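Visitor: I'm new to reading protein structures, and I'd like to be walked through one. Could you show me the molecule and take my questions as they come?

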Amino acid sequence: MKGDRYAYFPGCSQKGTAVEYGISSRKVAEALGVELVEIEDWSCCGATPAHTVDRLLSGALAARNLATAEKMGLATLVTPCPACLVASKNALELAQDDESLKELNELLDLPFKAEIQAKSLLQIIFEEVGVDALAQKVKKPLKGMRLAPYYGCLLTRPPERAQFDDPENPISIDRILEALGAEVPDFPFKTECCGAAFGLPKRDMVLTLSGKILDMAQQIGADGIVLACSLCQQNLDLRQGQINSHLGTNFEIPIFYITQMIGLAFGFSSKEMGLDRHAVHPDKLLKKWEEKLKE
C-alpha cells in the first residue's frame, strides 16, 4: 500500500443522487490509507453530454479541474465516476496536441500543463492497494453472498483511453469481491450497457436494457449486483420498479457500489455505507449474511 495523496474529484453525482457512493468511497479510502484531497473549487466536468456539443469546451470543463489539481501539486486525479474519468482522460488526450493545449489555456483562468494523470478509485484500490492488502483488512467476510460483478460500458473502454483491466472481460471487481469473501459467479452481462444517460429521452430503451441485466443476474442466482458507476446504479436500482412495470417482472435485486461492499467487509455498518438510501433495500440479504457470520 503506497499511501499516496491523490487529487479527489467527486463529480456532481457524489454530491447529489449518489451521496452514498461518495461517503463510502471516502471511508474506504481512509481505511486503506489512501489520502483523497478534494480539488479546490471544482466544477462539473461536462460528464457524458458535453463532448457531443463542443469538443473543445468539453475539454476545457474537465481541464479546469485537472489544472487546479496540478496547481495543488498533486500528480493523479482520482474519481469514483466513470463518466468523470472519461471526461478527464479526453481532456488530457486533447491537450497532447500543442495547438489544442493552447486553445484550452485560452479558455481557462489558470495554466493547464496536462502533466497530471487520471484514474478511477477502483483502479487505485485494485492496482495500488491490491487485493492481498484488502483481504488483510476484512473483519466481516461477505460469506454466503453471491454477488454479480457489473462494470458497464465505460469503466474499461475504450481500452486505449481507459488503460485499465480487460475491456471485454474485466476482473477487478471480481477479484476484490473474492478477497472480501463473497461468492462471485460468472456474469455474462458484466459489460453490457444499461442505457446510460438516456433515461429521460429514451426511457423505454433504458428500462429494456437494464431489465436484461437484472434478468441475467436472476438467472445465475445472484443475491445482488455490485458496480462502480452512479449512473448504472441509478438505472438498475432507482428504476427497478419502473423496469418491473415496463416488463411485467418482479425483480427485487439489491444493487451495491463496490465501495459499500468493501466497507461492510471492513466492519462499517450498512447505515454508514448508505445502504438505507437505495430504492431496493438489501435488508433480507444483510440479515442472511449476519446469520451466516454466526455459523
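This is a predicted model: local features need pLDDT of at least 70, side-chain atom pairs count only at pLDDT 80 or more; totals for chains, interfaces and linings use all residues.

Visitor: How many of the residues of α8 are buried?

Guide: Helix α8 runs over residues 172–179, eight residues in all. Among the buried ones are Ser 172, Ile 173 and Asp 174, and Ile 176, Leu 177 and Ala 179 are buried too.

Visitor: Take Ala 179, then. What is its relative accessible area?

Guide: Ala 179 is found in helix α8. Leaving out residues up to four places away in sequence, Ala 179 touches Val 131, Ala 135 and Val 138. To count as buried, a residue has to be under 20% relative accessible area. Ala 179 does count as buried, with a value of 19%.

Visitor: How far is Ala 179 from Pro 201, going by C-alpha atoms?

Guide: Along the chain, Ala 179 and Pro 201 are 22 residues apart.

Visitor: Which loop holds Ala 114, with its positive phi?

Guide: Phi of Ala 114 is near 60 degrees, a positive value in a residue other than glycine. Ala 114 also counts as buried, at 16% relative accessibility. You'll find Ala 114 in the loop between α4 (98–107) and β4 (117–120).

Visitor: Is Asp 165 buried, partly exposed or exposed?

Guide: Asp 165 sits in the loop between α7 and α8, and its phi is near 60 degrees, positive in a residue other than glycine. Buried means under 20% and exposed means over 50%, with partly exposed in between. With a relative accessible area of 25%, Asp 165 is partly exposed.

Visitor: What is omega for the peptide bond from Arg 157 to Pro 158?

Guide: Pro 158 is found in the loop between β5 and α7 (159–162). The peptide bond leading from Arg 157 to Pro 158 is cis. Its omega is near -10 degrees.

Visitor: Which residue's side chain makes a polar contact with the side chain of Glu 128?

Guide: Glu 128 lies in helix α5. At 17% relative accessibility, Glu 128 counts as buried. A polar contact of 2.5 Å joins the side chain of Glu 128 to that of its partner, Tyr 6.

Visitor: How close does the side chain of Asn 244 come to the backbone nitrogen of Phe 251?

Guide: Asn 244 has its place in helix α11 (residues 240–247), and it counts as buried at 16% relative accessibility. Setting aside residues up to four places away in sequence, Asn 244 touches Thr 249, Asn 250 and Phe 251. From a polar atom of the Asn 244 side chain to the backbone nitrogen of Phe 251 is 2.8 Å.

Visitor: Is Leu 238 buried or exposed?

Guide: Leu 238 lies in helix α10 (residues 230–238). Leaving aside neighbours within four places in sequence, Leu 238 is in contact with Gln 233 and Ala 279. The cut-off for exposed is over 50%. Leu 238 has a relative accessible area of 55%, so it is exposed.

Visitor: How far apart are the C-alpha atoms of Leu 238 and His 51?

Guide: Leu 238 and His 51 are 187 residues apart along the chain. Their C-alpha atoms are separated by 26 Å.

Visitor: Let's zoom out. What is the radius of gyration of the chain?

Guide: The chain has 13 helices and seven strands. For 295 residues the globule rule gives 19 Å, and the chain comes close to that, so it is as compact as a globular protein of that length. The radius of gyration is 19 Å.

Visitor: What share of the residues in the chain is buried?

Guide: Along its principal axes, the C-alpha trace spans about 60 × 45 × 30 Å. The accessible surface comes to about 13,100 Å², with 49% of it belonging to carbon and sulfur atoms. Of the 295 residues, the buried share is 53%.

Note on methods: Residues are numbered from 1 along each chain as its sequence is written. Side-chain values use heavy atoms; hydrogens and water are left out. Helices (H or I, at least four residues) and strands (E, at least two) are DSSP runs, numbered from the N terminus. Buried means under 20% relative accessible area, exposed over 50%, partly exposed in between (1.4 Å probe, protein chains only). A polar contact is a pair of N or O atoms within 3.5 Å; within protein, one must be able to donate a hydrogen and the other to accept it, and residues adjacent in sequence count only if both atoms are side-chain atoms. Contact means heavy atoms within 4.5 Å. The radius of gyration is taken over C-alpha atoms; the globule rule is 2.2 Å times the number of residues to the power 0.38. Accessible areas come from the Shrake-Rupley method with a 1.4 Å probe; for residues, only the protein chains shown count as cover.
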